[in-house]
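I opened this entry to look up salt bridges. My notes follow in the order I took them.

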Amino acid sequence: MMHVKFDIVIVGAGPAGLAAARSAAQSGAAVALVDDNPRAGGQIWRGGPQHSKQAKELWDQLQQMANVQWFMQCRVVGAAGAAQLLLETPQQTFTLAYRKLILATGARERLLPFPGWTLPGVTGAGGLQALVKGGYPVRGKRIVVAGSGPLLLAVAATLRQQGAQVLHILEQSSWRKLAGFALQLARTPAKLHQAWQLRSQLAGVSYHADSYVLQAQGEQQLRTVQIMVGGRILNVECDYLACGYGLLPNTELAQTLGCRIADGAVQVDAQQRSNLPDVYCAGEGSGVGGVDLALAEGHIAGRHAAGGVAERRWLAQRRSQQAFARRLESAFSLRPELRNLCAPDTLVCRCEDVAYSALQEHASWRSAKLHTRCGMGPCQGRVCGGATDFLFGWQPDAVRLPISPARVSSLIALGGAAVEGDSGTG
C-alpha cells in the first residue's frame with residue numbers, strides 16, 4: 001500500500017478548502033487537497049470553477065502551484081494511526097501522513113420527515129440543485145421549492161435557468177423575521193446585492209412566508225403537494241418537490257479524530273485550530289455561515305497551519321460574516337409546528353424503515369438505535385440524525401469507522417493500520 005507524506009493535508013475542496021490550500025501553499029509548504037468529487041468546488045461551486053469569479057481565481061492560482069497535489073475522487077475512510085489518514089480511490093487504497101490537517105468538510109442539507117417525503121419526485125432542495133448542475137433535465141417540469149433559508153432562492157433560480165416552472169417558494173419563517181433580516185442586509189452590501197439579483201431572477205414566482213409542506217401525495221410518483229400558506233391549506237399539482245431546512249455541519253471525521261464538538265460544529269480558536277493542536281477546521285464544519293465566511297476561515301486556517309499570521313482583511317471578513325451568520329440563524333430558526341407533521345407510519349429513518357411511532361417509545365438516540373436500528377443504514381444517521389435532533393432533541397453519541405462506505409480491502413487495510421498503531425504505542 002502506498003504511503004505519502006505532506007506538510008499540510010486539506011480534506012475538502014470547496015471554498016474553504018481551496019482558500020486554505022492557496023494560503024498554505026504560498027508559504028512553500030507541500031499541500032495535499034483531498035475531495036471525493038471529480039472536480040473541486042464543493043456544493044456551492046459544484047460543476048467547476050466557471051460558475052464563480054472567486055472560484056476561477058482560486059482554481060487558476062492553485063493549478064500553477066507545483067507544491068499543491070490534488071487527490072480528487074478520493075474518500076477518507078478514517079484515521080490510520082497518528083497523523084495519518086486512510087484514503088480510497090476507485091483504483092486503490094493508500095495513506096496520507098501530515099504535519100498539519102485542515103478539515104474543510106462542509107455541510108449537508110437538513111431534511112425533515114413528513115407524510116409522503118419518500119415518494120419519487122420529492123428531493124432535498126440543495127439535492128435537486130446539485131443534480132441539475134450536473135446535467136439532470138428539469139425543463140418544463142412543475143416544481144415547488146420549500147423549507148427554510150436563502151438557499152431556497154438560489155435553488156429556485158437554478159431551476160428556472162434550466163427551464164423548470166417554479167410554482168411556489170415556501171419559506172417556513174415568518175414575514176416579521178424576514179423583514180428584520182432584510183433590513184439588516186445593509187450591513188453586508190455584497191449579500192444585499194446577491195439577494196436583489198436572486199429576487200430579480202425570480203420575478204413572477206410566488207414567494208410565501210409562514211408557509212410549509214404538510215404532505216406529499218401520489219401512488220408510485222409524486223402528484224400533489226398539500227401545503228400550508230399563511231394559515232390556508234392548498235393542494236398543488238407538481239412534478240417535483242424540492243424541500244430543505246437549512247444545513248448541518250459535516251463533523252464525522254473531526255469527531256473520530258477527537259475534535260471537540262459543540263452545538264453541532266467543530267469548536268475552533270482564533271486561528272481556526274481545534275482542541276487538537278495539529279488539526280484545524282474551516283468553513284461550514286466549524287459553523288454554517290456561507291461562502292464568504294468559508295473563504296475567510298480557509299485563508300486564516302491555511303496561513304496559521306503553515307506557520308504564518310493571517311492578514312487583517314481576512315480577520316475582518318470573518319468577524320463580519322460571523323455576525324451575518326448569527327442573524328441568519330435567528331431569522332430562519334425552525335418553527336415548532338414542523339415537529340408535528342409526522343403521522344405514526346411516517347418513516348423517519350429511511351435506510352432501515354423505522355417509523356415515527358417506533359421512535360416515540362425511546363428517550364435517546366442510543367436507545368432508538370439499539371432497539372430499532374435507526375441510524376444504522378448506509379447513510380449512518382446523516383439524514384435521520386438531523387431529523388431526530390429536531391424532533392426529539394437527540395444527539396448521536398458516537399461516530400464509527402469507516403467515515404463513508406468503503407471496500408472490504410480498505411477496511412482490512414484500516415484494521416491493519418490500527419493494529420500497527422497499537423503495537424507502536426506499547
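This is a predicted model: local features need pLDDT of at least 70, side-chain atom pairs count only at pLDDT 80 or more; totals for chains, interfaces and linings use all residues.

The protein chain averages a pLDDT of 92, and 96% of the residues score at least 70. Residues 422-426 fall below 50, and this stretch has zero contacts in the model beyond near neighbours in sequence.

How many salt bridges does the structure hold? I noted 14.

Next I took arginine 335. It forms a salt bridge with aspartate 210, the closest N and O atoms being 3.3 Å apart. Arginine 335 sits in the loop between α9 and β20, and aspartate 210 in the loop between β11 and β12, so the pair ties together parts 125 residues apart in sequence. Is arginine 335 buried or exposed? It counts as buried, at 17% relative accessibility. Aspartate 210 is partly exposed, at 24%.

My next pair was arginine 373 and glutamate 352, whose side chains meet in a salt bridge at 3.1 Å, N to O. This pair links distant parts of the chain, 21 residues apart: arginine 373 is in the loop between α11 and α12, glutamate 352 in the loop between β20 and β21. Arginine 373 is partly exposed at 39%, and glutamate 352 is partly exposed at 25%.

Last, I noted a network: salt bridges that share partners join Arg142, Glu237 and Asp239.

Key. Residues are numbered from 1 along each chain as its sequence is written. Side-chain values use heavy atoms; hydrogens and water are left out. pLDDT is the predictor's confidence in each residue, from 0 to 100. Contact means heavy atoms within 4.5 Å. A salt bridge is a side-chain nitrogen of Lys or Arg within 4 Å of a carboxyl oxygen of Asp or Glu. Helices (H or I, at least four residues) and strands (E, at least two) are DSSP runs, numbered from the N terminus. Buried means under 20% relative accessible area, exposed over 50%, partly exposed in between (1.4 Å probe, protein chains only).
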